[in-house]
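Here are some notes for a colleague who is opening this structure for the first time. Please read them with the model in view.

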Amino acid sequence: MAVSFNKPPKNKLTIHVKNYVGNTVLNLDSSYRNELGQAFTITNFKYYISNICLKQADGKKYQSEDYFLVDEFENDSKKLILNNVPEGNYTSIEFTIGVDSLHNCSGLQNGALDPTNGMFWAWNTGYIFLKLEGISLQSKLPGHIFEYHIGGFKKPSNCIRKINIEFKNNSLVIEKKSSSLIIKADAMQVLKQPTNIDFVTLPSVTDFRYATLIADNYADMFSFLEIKNEK
């Protein structure tokens with residue numbers, strides 16, 4: 001008697017991440033102003049996205065185990081490709097900014113988690129979840145730089161933040177085709193709400209001190225832009 005096996009789904013979803021500063025697409029040559037009116041430019045912006053979970057209205061979920069490093073300098077890194085997504089109508093997405101405790105303590109890794117990507121602390125085992133670097137004349141550091149290297153997965157300095165984005169009145173349809181989800185990442189949110197960052201008094205955060213303050217800010221960094229269901 002022939003045995004029938006269900007073939008794994010071959011549907012592909014591409015998540016396009018677009019970096020902004022407020023309502024403007026991020027441009028590394030442009031000048032911006034924070035909530036305190038301080039002018040600044042951005043020279044580096046990169047962060048980890050992991051534990052992506054697509055949710056349907058009936059409670060069904062698709063969970064990805066992939067890790068992605070989004071780097072403003074690498075356009076391809078802004079395309080997060082999920083293969084073998086089950087068919088369905090998805091209404092929201094959930095993911096993590098950062099790297100979970102297991103992978104923080106798993107030693108040498110490759111791909112997005114390769115230490116050569118410049119997102120691993122040499123002085124302390126663990127990954128940097130987000131980097132935002134730039135220049136502001138308000139900063140008293142050499143070269144007027146500011147730098148926020150945020151990481152840490154242990155209490156009381158746990159900087160992992162879970163993001164949930166509803167697709168509003170839209171539905172992401174996965175059905176034997178390639179579909180696209182476009183989300184916004186607002187670098188300005190790293191610098192504001194609930195704490196407005198002052199480049200004079202806090203131009204640098206590169207260890208556990210004040211790290212959760214920045215993490216609470218970037219918890220609001222992402223929002224929904226658009227869905228493109230292929231016809």
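1. In this predicted model, a cluster held together by ring pairs takes in Tyr32, Phe40, Phe146, Tyr148 and Phe199. Across the whole structure, a search finds 11 aromatic pairs. One of them joins phenylalanine 146 and phenylalanine 199, whose rings are stacked, with 4.6 Å from centre to centre and 15 degrees between the planes. Because phenylalanine 146 belongs to strand β10 while phenylalanine 199 belongs to the loop between β13 and β14, this pair ties together parts that lie 53 residues apart in sequence. Both phenylalanine 146 and phenylalanine 199 are buried.

2. Strand β10, which spans residues 145-151, is paired with β9 in the antiparallel sense, and seven bridges connect the two. Within this pairing, histidine 149 of β10 is found opposite lysine 131.

3. How many of the eight residues of strand β9 are buried? The count is seven, with buried meaning under 20% relative accessible area, and the strand, residues 128-135, is therefore largely enclosed by the rest of the structure.

4. A contact of another kind involves lysine 184, whose charged end sits over the ring of tyrosine 20 at 4.9 Å from the ring centre.

5. The bond from lysine 155 to proline 156 is cis, its omega being near 5 degrees, and proline 156 is placed in the loop between β10 and β11. The bond from glutamine 193 to proline 194 is likewise cis, with omega near 10 degrees, and proline 194 lies in the loop between β13 and β14, where phenylalanine 199 is also located.

6. Positive phi values in residues other than glycine are the last topic. Asparagine 84, in the loop between β7 and β8, has a phi near 60 degrees, and with a relative accessibility of 40% this asparagine counts as partly exposed. Tyrosine 210, in the loop between β14 and α2, has a phi near 70 degrees. Is tyrosine 210 buried or exposed? Its relative accessible area is 52%, and the cut-off for exposed is over 50%, so tyrosine 210 counts as exposed.

Conventions
Residues numbered from 1 in each chain as written. Predicted model: local features only at pLDDT ≥ 70, side-chain atom pairs only at ≥ 80, totals over all residues. Heavy atoms only, no water. Buried < 20%, exposed > 50% of the residue type's maximum accessible area, 1.4 Å probe, protein only. Helix = DSSP H or I, 4+ residues; strand = E, 2+ residues; numbered from the N terminus. Pairing = 2+ DSSP bridges. Phe/Tyr/Trp six-rings, centres within 6.5 Å; stacked < 30°, edge-to-face > 60°. Lys NZ or Arg CZ within 6 Å of the ring centre and 35° of its normal.
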